[in-house]
Every structure is written in structure tokens, then in C-alpha cells.
Amino acid sequence: MGRRWSNWSLRTQLSLAVAAIMLLLLTLFSMALYVSVRSFINAQTTTQLQLQARALLRERADGPTSSGSHEPLPTAAPTDVQRAELQELAAALTSSTTSVVVYQADGTVLAQSAPAQERRHGWRPGHGLRGQPRQPPAPPEPPAPPRPNDQAFDQVLRGADVSFRDYDAMERQLAVLMPVYDGSYLIGVLQISTSLRPTDALLRWLVAALIGGTLLVSLTALVLSLWATRVIIDPLRRLVGVTQQVGQGDLAARSNLHSHNEIGALGRAFDQMVARLQATFAVQRRFIADAAHELRTPLTAVGGQLELLMLGAVSDPTQQRRTLQRMNGELERMGRLVDDLLTLSRLDARPALRREVVDLALLAQDVAQQEHLPTPDHQLTINATPSVRVIGDPDRLRQVFLNVLDNARKYTPPDGSVRVTVEQRAGEASVAISDTGVGIPADDVAHVWDRFYRVDQARTRTRGGAGLGLAIVKGIVEAHGGTATLTSTPGSGTTVTLSFPLAADDTPTAGQSPTASSHSLADVGVRSKTIVE
Amino acid sequence: MDEGTEGNVRILVVDDEPTITEFLETGLSYEGYTVRTVANGVAALAVAREFRPDLVILDVMLPGYDGFEVLQRLHRQDDMAVLMLTARDELDDTVRGLEVGADDYLVKPFKFKELLARVRAVLRRRRIALPHTLQSGNLRLDRDTRQVSVGAETVHLTPREFDLLEALLAHPGQVLTKETLLNRVWGYDYIGDTNVVEVHISALRDKIGDRDRQRIQTVRGVGYAIRG
């Protein structure tokens, strides 16, 4: 059953649940209503009988109608006059719906009303309504008055009014027992009873109406729930369909749910998630395509040159040596590209960086001197405030300077100049590397940090690399909690500005990079065209 | 159609990658074509006017004009055959290249042999004079019918012998090493003894009546050369 239930659609489950709850609540309500109505009618009937009897008893009563005591009252046998009065009383109380029996205190019947049917219709055997003799249908025999049990009778002898219900073969009757007094003596017990047939008929109708109503309402609830849940669940079904589409690789699929409820919010969140996934995959695909593209050209060159060697097209030893050197150069280029790709991949994984104190001025000077950047033909000026220190990975930060200075070298004419400014600005360590190179068109400036983006879309090898240098710079700077910006004027030059959080003044210098910490500006040898201000 | 040699066919290589242009120049020159190389689209248009190439091998990503732009401008000058090279393998690029008039499209990395085959196919389609026959004295080899004759007599060669003779005739007077012949005829992936070349050369000599080894000469310790 559990499995079958779980196999049903959510719509069926919800609808059945609503219908079942409705059925349960209406059943409980109907039962409560039935019990209440039955109790109410019984109480009303009992009160009615009591009022009728009490009214007549008061007319003749010369004693209490109720002792209120729990002790048996003194009893006396009724006199003949009293017997006659009690018989009249019985006759007076008898009606078309009531029967009366008067008992003596010992339980013997003192007086009893005539059969109700006979009195009501004045019917006699053998006479029709118009006095014409005819054979009428046999009337139903009225039920015999109920007989009280001993316990109820004893309670009446103690002065209490008692009601009880009695069942015979034909119908239910309700009887009320009341003591009859003469002065201080109880001379009899009056039993007035009435048939509960009309009441029972009403209750049976009520039961039928409640059962029918409950079933009808539950069925209606089921139908309405099926409709309502369909309206609610249709967007979910659409979402399921779109999810399957996305799962099959269609990242352009969208749910387009615009409702302002929770399902609409789910749909919008889903669409946003898929849009982000699509963008991420597009970037990844582009990245892989660009990486493949960058590798294809050196692969072609190496493969082609190797092929020529094998074909014997390059037979001169000097030419062969040159070919091998070119192949080696292409392999080194592929190696650098793979290194750059690995660096970016590691930066994407947000690795834990070494945390050492690095003096940026010393690092800039060190890189310029050791790597001969930009070139001996460029005039390099390093304008540095002493002790601009940051916490970071010296090797990574060194790569930042290498990449930016290498770009300056590539795009600055030999007689141009490169200026590196290291200072504290607005509570941060600021490095600005400016060149007097060819500059970057305004449309390209926003994209220079993108992977594989090159201002020269032809990706010419005469100057440019793979277009990963600045992407690596940005990745490393951001990994250090810094920012990287670039401004450029075509024809005038470019300035790359890097900002890092400053190291605290009391940061111990122990363990800092030898490259960065073991020299002072004065110690660093100054190349022929390098000016340290 | 005029008969000719590869040396009559001029090929302009346009690529900004020096390593690519150099190896293409070396390889195509070795195959007998007359080759010029340029590194950008503007130069390509200028050189094409003066050099009047039969075929242009054109890279798509070029500084200045890109390959598609150069192709359109070249076609405005002359309806020359164009084989495009690209490192991008997007279908759109291929379709665009062919739609703007390229005769063929080759994606990097490619084998030089494949490039050579495509160059020949393009030139054939364009009915540009190609040496359909190679000749040395009365020895004649027809590339199209793959028939060889000595004087008026037809010689029946196996495919290997035919390819071997074709390689030698394509470079008359030039000494081809055994390794070169192995690579050209048996392929780069051939693993085996170089004696197979000697065996086939011997059989070839017998079939073309070169018992005195004057036509196919042995350069001891190096390889073989065909002499007129």
C-alpha cells in the first residue's frame, strides 16, 4: 500500500488526502450532531411529559410533588375516592400520544389509560366513518405501556421523578415516573409514557441526511481538490520537464514561472541557477576552446617541422639545427601555456597562500633586476616609499610583477620608459606600473583581465602571449584580498594599479621572503638605465 | 592544359606565425613549388598583386585584415585558389570560409602530407598546371593513370615501386635518404628494416631496365638519386 501510495501522483495524493480529511471531519461532526439532537429531543419529550403530568397533579395535589429526600417516603393505600381521582387523572392525562399507568406503592396497577387508537378515532369494530358497515384494515396494536424496573420504581418512592426508555418489539417508548401524594403520604406512582416513533423517524432521517451529505461533500471536495491541485501542480510539472531538459544538456531551457507564490519563487530561482550554470559552462567551453586554440598553433609548427625532417626536406645540418631550435622554442611556449593554465586552475581552487611579510618596493626592484624587465633599452624608474609591506605569497606576488612588467616590455617601444610607484595610499599598499607604450583602445580596457583576451584579436605572436598574463595577475591580487585596475590612453601608455591590504606595523618580519626582505633599496644594484628615486 | 612542374606553381603563404610560415615555405619549396610568405593581410594583398600566386594558403586570424576579409579582397583582385588555415574548428568558421569563396579549409594542427594533398587537389580542381607526368630521359611516369613507360614500352610496377619512383622523379638529381624514402612511401609509422628500400629499388631497377644503375644511382651511405 505504501509503495502504491508513493507511486501515485502528488495531485492524486493531495486530492485523496483532502477528501479523506473532509470525510473524517464531517463524520465526526455528524455523529456529534446526531447525539446532540437525540439527547435534545429526548430531554424535550421528557420535560413535556413531566409538565403535562405536573400540571394535573398540582390541581389535585395536597402534598409535595417531590420530597427531595433520599429516604423512602411514607406510603398509604389510596382510598376509594383517591382511586377514583387517580383513575380520572389517568384518563385526563391520556392522549393520542400518551399512555398513563398509576401504580400503588407496592407496584400493583391502580389505574391505566384506554388504548390510544380507540379513543383517538372513536373507532369500533364493524363501523365505518360514515356509519356504513365495512371491514376496515386491522389497526396496529398500540404497544403496552412500559414497565419500570425496580430501581427506577424505588427512586420514585423516594420522591424523585424518573424517566426511562423502553423497547418492545414494535417501537421505543419514553416513560416518566412521578410520585403522587396525598398530604405527606405517597399514595401512588404516576407513569406517563409516549411513543418515540416520530422521534426515531426524525433521527433516522437525520442519520440518512448526514451520511448522504457527508459523502456528497467529501466527493465534491475530492473533485474540487483534483481541479485545484492541478492548477497548483501544473507549474511544478513544467518545472520537472524543464529540469529534465536541463539534465539532458539543454541549458537554454527555462521554466518562465512568473507567479508571485512559492512555486513562482522556486521557478525564478531555478531559472537563475540554470542561467548561471549556462554562463559558467559557456566560460568553461570558451576557456577550453581558447586553450586548445593556443596549443594548436605550436603543435602544428612542431609537427610540421618534424614531418619535414622525416621527409628529408631539411637536409642541411645548419638548417636542421635551426629547425630543432624552433621546435624546442615551440615546446617551451606550450610548456609556458600549460604552466599558465595550471596557475589559473590552482587560483580557481582558492588555494591557501603562503603568508609572509613582503616588501613590495624591494620585490619590484628585485624582479626588474633579476629578470631584466622591461629590457635594458627601456628606462625603468622605481619610485618607492620604504617599507610598504603586505602579507602574502612572495612567489605569487613576484609573478604579478613579472607579468605586468613583461607586458610593459612587449608594448613599449625600446626608447620608452616604465615607471613603478610603490606607496601607501588610503591605508593600502599601492603599486602603479606605468609605461609609455602603445596603449589599449577604450573598448578593450574592460576585457584585458579576461582569460585569453588579447587586444590584438589576430593573436599575433610577434608580441603577445596567450592572453593569460593579466588574468593571472588579477587572480593572484584578488587571492591576496587586493584589487587590480588598468587605465590606458592609446598612443600614450598604460597604467596598471594594484592595491593590497597593508601588513600591520607590528607584524614580525621573521620568515619573510629572502627575495623581498633581505635587501634594502640601497643594496639592490641599479642597472644602467634604472633610476631609483 | 599546359604541362608543367611544381616550380611553375606559385603559392603565397599568409600567416602571422613565423614558425608556421617557415615550415610551410621549407616543405612546399622542397616539393617544388615557388613560395612566398607574408605575416599580415595588408602585405598579402600587396604581394598577391605582384607575385600573382596560383594558390594562397591563408590563416584566418591575422593582424590587420582577418583571413575572411583578405579572402574577399583577394577575390576582387583575381580569382585565385585559396586554402584557409585556422586554429579554430568551429563549424561556423568553416562554413563562413567556404561561403566567402575558399576552395578548402584546414584546421590546425594538420599533417604536412595532408596539406600537400589538399594543395594538389585544389590545384587540380582549379585546372592549374600541375605536372601530371614526371619524366627523366625516356622514363615517363603518369600520376593520373599511374602508368610508367620506358620509351614506348609500358612497365608494370607495384604500388610501392610506383611511389618510390615518383618520389625520386619529383626531386631529380637530389639525393633522397633511405629514411626519407621510407617516410614518404611507407609512412612515418613504418617500423622495420631500411633494407626494404634497397629491395624495392633493386626490383624497380630491373623493371625499368636500369641494370647498370645509371638511372637510379646509389650514393653510398646516404641514399638514392635519379639522374637524367
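The structure is a predicted model.

## Helix H5 of chain B

Helix H5 of chain B covers residues 112-125, which makes 14 residues. Six names make up the buried part of H5(B): Phe112(B), Leu115(B), Leu116(B), Val119(B), Val122(B) and Leu123(B). When H5(B) is viewed down its axis, these buried residues fall within an arc of 130°, and they therefore line one face of the helix.

The buried residues of H5(B) have packing partners in both chains. From chain A the partner is helix H7 (262-311). Within chain B the partners are strand E1 (10-14), helix H1 (18-30), strand E3 (55-59), strand E4 (81-86) and strand E5 (104-107). Just after H5(B) comes Arg127(B), whose phi is positive, at about 55°.

## The contact between chain B and chain A

The contact draws 28 residues from chain B and 29 residues from chain A. About 2500 Å² of area is buried between the two chains, and carbon and sulfur atoms give 59% of this area. Across the interface, 9 residue pairs are in polar contact. On the side of chain B that touches chain A, the elements giving two or more residues are H1, H5 and helix H7 (178-186) of chain B. H1(B) supplies the largest share of that side, with 7 residues.

## Salt bridges

Over all chains, the structure holds 30 salt bridges, and the count between chain B and chain A is 3. Glu22(B) takes part in a salt bridge with Arg326(A) and in another with Arg322(A). The pair of Glu22(B) and Arg322(A) crosses between chains, from helix H1 of chain B to helix H8 (residues 317-348) of chain A. Both of its members are partly exposed: Glu22(B) has a relative accessible area of 23%, and Arg322(A) has one of 46%.

Other salt bridges lie within a single chain. In chain B, Glu69(B) pairs with Arg73(B). These two residues both belong to helix H3 (residues 67-77), where they stand 4 residues apart, about one turn of the helix. Glu69(B) is partly exposed at 26% relative accessible area, and Arg73(B) is partly exposed at 28%. In chain A, salt bridges that share partners join Arg354(A), Glu356(A), Asp393(A) and Asp395(A) into one network. Within this chain, Glu356(A) is bridged to Arg354(A). Glu356(A) counts as buried, because its relative accessibility of 16% is under the cut-off of 20%. Arg354(A) is partly exposed, with a relative accessible area of 37%.

| Glu22(B) | Arg326(A) | 2.1 Å |

Terms used. Residues are numbered from 1 along each chain as its sequence is written. Chains are lettered from A and ligands numbered from 1 in the order in which they are written. This is a predicted model: local features need pLDDT of at least 70, side-chain atom pairs count only at pLDDT 80 or more; totals for chains, interfaces and linings use all residues. Side-chain values use heavy atoms; hydrogens and water are left out. The expected span of a helix is 1.5 Å times one less than its number of residues. Buried means under 20% relative accessible area, exposed over 50%, partly exposed in between (1.4 Å probe, protein chains only). The arc is that of the directions from the helix axis to the C-beta atoms. Contact means heavy atoms within 4.5 Å. Buried area is the accessible area (1.4 Å probe) that two parts lose on being put together, summed over both. A salt bridge is a side-chain nitrogen of Lys or Arg within 4 Å of a carboxyl oxygen of Asp or Glu. A polar contact is a pair of N or O atoms within 3.5 Å; within protein, one must be able to donate a hydrogen and the other to accept it, and residues adjacent in sequence count only if both atoms are side-chain atoms.
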